[in-house]
Amino acid sequence: MELETFRKEIDRIDAELVALLLERMKLSEDIAALKIKEGMAVRDEAREKALLENRSSHADSEVKRQAVREVFEAILKASRNVQHTLMGTDEA
């Protein structure tokens, strides 16, 4: 494969990732509404820890496990930011 072919494939995957991330952020908004109704906190550290362990466990090398973990840490932070904004609270 040539470099341009690889880049086109990455662009295709990135477009899918953006669509999925926006779908995930919409769910974060829905979760925020539920947490407001139920009086729940934004952060669930046990859930986050389990999620990070689960997602990174699918990688086949340590460097990929770390990369997946870093990406999901950023996704979780963005999701918390969405919830904090909707709930009118500060990131702790």
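Helices here are DSSP runs of H or I with at least four residues, numbered from the N terminus. In this predicted model, helix α1 takes in residues 3-38, and L20 has its place there. L20 comes out at 52% relative accessibility, so it counts as exposed, the cut-off being over 50%. As for H84, it sits 64 residues away from L20 in sequence, and the two C-alpha atoms are 21 Å apart in space.

Now for the charged side chains. E9 pairs up with R12, with N and O 2.5 Å apart. Both residues belong to helix α1 and are three residues apart, which is about one turn of the helix. R12 also has a salt bridge to E16, where the closest N and O atoms are 2.4 Å apart. R12 and E16 are four residues apart in helix α1, so about one helical turn separates them. Put together, E9, R12 and E16 are linked in a network of salt bridges.

How exposed are the members of this network? E9 has a relative accessible area of 36%, which makes it partly exposed. R12, at 39%, is partly exposed too, and E16 is partly exposed with 42%.

Another of the salt bridges joins the side chains of R43 and E48, with an N to O distance of 3.1 Å.

How values were computed. Residues are numbered from 1 along each chain as its sequence is written. This is a predicted model: local features need pLDDT of at least 70, side-chain atom pairs count only at pLDDT 80 or more; totals for chains, interfaces and linings use all residues. Side-chain values use heavy atoms; hydrogens and water are left out. Helices (H or I, at least four residues) and strands (E, at least two) are DSSP runs, numbered from the N terminus. Buried means under 20% relative accessible area, exposed over 50%, partly exposed in between (1.4 Å probe, protein chains only). A salt bridge is a side-chain nitrogen of Lys or Arg within 4 Å of a carboxyl oxygen of Asp or Glu.
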